[in-house]
Amino acid sequence: MKPTEESPMNNPAGSGHTPWPFSTPRPGEPVPAGSPQTLADLGEFELIDLITKGLPQHDQVQLGPGDDAAIITSRGGRTLISLDTLVEGVHFRRDWSSAMDIGRKTVAVNAADIEAMGARPIGLVLGFSAPGDLSVTWVRYFVQGLREECVRAGVALIGGDTTRSRDITLAVTILGDTGPEGPVLRSGARPGDLVALCGRVGWAAAGLAALSRGFRMPKAVVEAQQVPQPPYGQGSRAAAAGATAMIDVSDGLLADLGHIASRSHVDIDVHKGALGMPEPIRSVGQATGTDPYVFLLTGGEDHALAATFPPGSVPEGWTVIGTVQEVHDRRPTVTVDGRPWEGTQGYDHFH
């Protein structure tokens, strides 16, 4: 891609000024309301220009938007690739979340996958599908949230595709650099390891329960449902500390620890008391008649990181919540305080 006067390639990081396209709001600036323009009015290529104009690039992005594919160079020689799809009515609702919230969530849920490999997110490509009558104002807010979360995650938007669809569908492929420690897989947990957690669990599930009943309180759990808060940077920190296995907690703590148990052929026991009981989660449990530990143990969408470590190597910022044990039966299991958990262990899209 040939640099132009406004290209980020002519504005290295640290120069003190990043060009911002006049047609897109700066972070924090309001978008003029009441715009009659729709995506059908704007057109496909103008939409692409709206998303890509003036984008900052990562120093390892050799070729960004403008061609059939992006080129990424990796210092470690290995680039991680992961994909997540967010579908309106399944992963988000426009009457529950703002366009900016949805833009931020689109990045966060994908960056968490790379973090869970002990790696560093580099670039992502976005598949943006939407109905033709969607307001361009909504898209502008979405792009603002997308860009703001890219900055938080340290990742660059480097390309993608747009198409018309009945519902808004957001498909993101994200690339990551493993770094010198190499990837942390789900298959490395060993008996005697400690299970540790970094980030929050249960908050998004409690927020979903509140929103489903027409409530917007407690605000903290509602906001957790609208925008996840992955612990950016902690994946590579865990890898450097010697993590033996790691996973993004997206479908529920017990369910996702079950993936580590299965792939590592170990049993895992979670110590319920180590999770604590945040007051907002407790209050939603009381209001809905739900055991609040259901939120903590089986609720998804917070995108915390769960990992296993040899004793004495758990890094600061991580909380020990359990132990890894030898398999006592042919099928690896996850227990809570030494006993099987009654009921579902997490979310399954098709059940």
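Two strands are taken to pair if DSSP finds at least two bridges between them. Strands (E, at least two residues) and helices (H or I, at least four) are DSSP runs, numbered from the N terminus.

The model is predicted: local features need pLDDT of at least 70, side-chain atom pairs count only at pLDDT 80 or more, and totals for chains, interfaces and linings use all residues. Residues are numbered from 1 along each chain as its sequence is written, and side-chain values use heavy atoms, with hydrogens and water left out.

The chain holds 10 helices and 13 strands. Of its 351 residues, 51% count as buried, where buried means under 20% relative accessible area, exposed means over 50%, and partly exposed lies in between (1.4 Å probe, protein chains only). The chain exposes about 16,600 Å². Carbon and sulfur atoms supply 52% of that area. Accessible areas come from the Shrake-Rupley method with a 1.4 Å probe; for residues, only the protein chains shown count as cover. A contact means heavy atoms within 4.5 Å. Among contacts in the chain with a separation of 6 or more, 83% join residues 24 or more positions apart.

Seven strands form an open sheet in the order β8-β10-β7-β11-β9-β12-β13, with mixed pairing. Its edge strands are β8 (245–249) and β13 (339–340), each of which pairs on one side only. Strand β8 runs antiparallel to β10 (residues 304–309), and 5 bridges join the two. Within this pair, Ile 247 has Ala 306 of β10 as its bridge partner.

Two helices pack on the sheet. Helix α7 (residues 234–241) touches β7 (194–198), β8 and β10, and its direction makes about 0 degrees with that of β10. Helix α8 (residues 253–264) touches β7, β8, β9 (267–270), β10, β11 (319–325) and β12 (334–336). The direction of α8 makes about 150 degrees with that of β8. Axes are lines fitted to C-alpha atoms, for helices over the stretch in contact, and angles run from 0 to 180 degrees between N-to-C directions.

Strand β7 is mostly covered, with 4 of its 5 residues buried. It pairs with β10 in the antiparallel sense over 5 bridges. Here Ala 196 stands opposite Ala 307 of β10. Strand β7 also pairs with β11, again antiparallel, over 4 bridges. In that pairing Leu 194 stands opposite Thr 323, and Val 195 stands opposite Gly 322. Strand β11 pairs with β9 as well, in the antiparallel sense and over 4 bridges. Asp 267 stands opposite Gln 325 in β11.

A further contact joins two helices. Helix α5 (residues 203–212) and helix α6 (residues 219–226) pack at an angle of about 105 degrees, with their axes 7 Å apart. That makes α5 roughly perpendicular to α6; angles of 65 to 115 degrees count as roughly perpendicular, those under 35 as roughly parallel, those over 145 as roughly antiparallel and the rest as oblique. On the α5 side, the residues in contact include Trp 203, Leu 208 and Leu 211. On the α6 side they include Val 221, Val 222 and Gln 225. The residues of this contact divide into 10 nonpolar, 2 polar and no charged. Ala, Val, Leu, Ile, Met, Phe, Trp, Tyr, Cys and Pro count as nonpolar, Asp, Glu, Lys and Arg as charged, and the others, Gly among them, as polar.

In α6, the buried residues are Val 221, Val 222, Ala 224, Gln 225 and Gln 226. They pack against α3 (99–115), α5 and α9 (279–288).
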